[in-house]
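Welcome! Please take a moment to look over the sequence and the 3D view before reading on.

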Amino acid sequence: MVRHFPIPLSPLLLMLSLLAPSSGATRPQYNYTEPQLPVFELHSGFWINLHHTLYYEARQRKTFLSREANATKSAPPKSVLAGKRLTDAAQKAWDDAVAYYMVNYADKDLLFTTELIQLKDQLGDFEDCDELSGRKRKFCDAGLPSNLTQALEAAAPVYRVHLWPEHDRANRRWILQVAPLVREQGVGLSERLADIYQTRWPHQKIRVDVVAYANWAGAYTTVDPLRVTISSLDARNQGPQALEVLFHEGSHGIAETVEAAIIRECRQRDKPIPRDLWHALVFYTTGEVIRTVLTSSPAGRGDKGKGAPDNGYDTYAFREGLYQRGWKSYLELLQRFWQPYLDGKASFDDAIARMVSSL
Ligand SMILES: [Zn+2]
């Protein structure tokens with residue numbers, strides 16, 4: 001069953017949303033937005049968190065069932081609600097919602113499926129609503145397929161009581177941890193990255209939905225509108241790397257210039273287009289730019305380009321072993337030809353041309 005529900009907020013609806021009372025003291029907290037930050041707008045929203053939690057649970061169960069079918073013995077995955085005392089009715093509401101996600105979404109990718117991208121964006125837009133059907137307040141009709149609205153609304157009370165407090169707390173903790181660095185360095189970093197990619201950083205703040213569970217990568221970015229989703233629980237997104245993950249994801253909105261330049265050079269030289277070179281470049285660039293900011297002592301820059309952990313900041317791609325797992329040759333190209341561009345000793349076009357001719 002595929003039903004489309006791309007309902008952009010009309011000006012009237014937007015106005016009504018703005019006029020709508022936000023989560024007041026008498027109603028449960030539905031979302032939190034960190035105010036007064038430059039560059040990014042960080043949200044912890046109820047519906048988008050519920051959605052990603054259901055998707056996570058549905059995928060876990062589906063993977064387990066397919067393993068069972070292949071006769072591989074493994075323990076069933078622990079439910080996100082394991083250890084919580086649920087009534088039979090609550091358990092059923094949750095299981096029904098997970099079953100709905102297993103049938104409709106578990107096989108689809110959060111990053112590449114238009115239906116899931118629109119659903120995520122829509123749930124983000126309705127974060128101030130305590131319902132999605134518009135039953136109580138007309139402007140809270142999110143226009144979702146009715147079965148989905150039903151599943152989400154039935155699972156919502158269970159999630160609100162048993163998981164949302166800890167998910168929301170983790171999200172806010174993540175936001176508060178990264179906020180000072182964004183406040184202090186955000187504008188400079190965005191300008192530096194835009195310069196590197198020879199473009200402009202988006203004028204509007206980039207919306208970031210902080211969620212307990214994101215996708216397999218721990219974070220992903222969708223465009224038109226440009227929105228970032230980051231997991232607050234993922235071990236890869238913690239500490240100083242939180243800032244790097246934020247700007248890596250944001251860079252997805254401005255790095256098409258690199259991809260286009262690589263493709264152009266390859267075509268001119270009649271070479272196959274290397275998959276992921278642009279993405280390795282974005283990882284490398286964000287890592288180096290963040291390292292410059294986070295490493296205060298000049299000595300910290302002595303070993304630049306190598307990403308070694310002993311010079312103050314261990315970049316995400318090194319720490320997570322991305323270069324070691326298939327990008328080793330890309331790293332060599334980046335250190336040899338792209339780093340001089342970052343150091344102001346080569347032009348953008350020359351750096352890309354040299355990388356491609358050395359492939
Ligand atoms: Zn990426």
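The report below goes from the protein as a whole to its sheet, one serine and a metal site.

## The protein as a whole

Please keep in mind that this is a predicted model. The protein has 359 residues, and 51% of them are buried. Its secondary structure comes to 12 helices and 5 strands.

The accessible surface is about 17300 Å², with carbon and sulfur atoms accounting for 54% of it. If you look at contacts between residues at least 6 apart in sequence, 68% of these join residues at least 24 apart.

## The sheet and a helix packed on it

If you trace the strands, you will find 5 of them in an open sheet, in the order S1-S2-S3-S5-S4, with mixed pairing. Strand S1 (31-33) and strand S4 (219-222) are at the edges; each has a single partner strand, so one side of each has no neighbour in the sheet. On average, neighbouring strands of this sheet are turned by 20° against each other, direction ignored.

Strands of a sheet pair through backbone hydrogen bonds, and they may do this in parallel or antiparallel fashion. Strand S2 (residues 40-45) and strand S3 (residues 206-211) run parallel and are joined by 4 bridges.

## A serine in strand S2

Is serine 44 buried or exposed? This residue sits in strand S2. Serine 44 counts as buried because its relative accessible area is 0%, and the cut-off for buried is under 20%. The side chain of serine 44 also makes a polar contact, at 2.6 Å, with the side chain of aspartate 168.

## The zinc site

Which residues coordinate the zinc ion? They are His248, His252 and His279, each through its NE2 atom, at 2.0 to 2.1 Å. Along the sequence, the donor residues follow the spacing H-x3-H-x26-H. Histidine 252 and histidine 279 are 27 residues apart, and this pair links distant parts of the chain. Histidine 252 lies in the loop between helix H7 (241-251) and helix H8 (256-268), while histidine 279 belongs to helix H9 (residues 277-294).

Histidine 252 is classed as partly exposed because its relative accessible area is 22%, and that class lies between the limits of 20% and 50%.

How values were computed. Residues are numbered from 1 along each chain as its sequence is written. This is a predicted model: local features need pLDDT of at least 70, side-chain atom pairs count only at pLDDT 80 or more; totals for chains, interfaces and linings use all residues. Side-chain values use heavy atoms; hydrogens and water are left out. Donors are N, O and S atoms within 2.8 Å of the metal (3.2 Å for Na, K and Ca); water is not among the atoms, so sites may look incomplete. Helices (H or I, at least four residues) and strands (E, at least two) are DSSP runs, numbered from the N terminus. Buried means under 20% relative accessible area, exposed over 50%, partly exposed in between (1.4 Å probe, protein chains only). Two strands pair if DSSP finds at least two bridges between them. Axes are lines fitted to C-alpha atoms, for helices over the stretch in contact, and angles run from 0 to 180 degrees between N-to-C directions. Contact means heavy atoms within 4.5 Å. Accessible areas come from the Shrake-Rupley method with a 1.4 Å probe; for residues, only the protein chains shown count as cover. A polar contact is a pair of N or O atoms within 3.5 Å; within protein, one must be able to donate a hydrogen and the other to accept it, and residues adjacent in sequence count only if both atoms are side-chain atoms.
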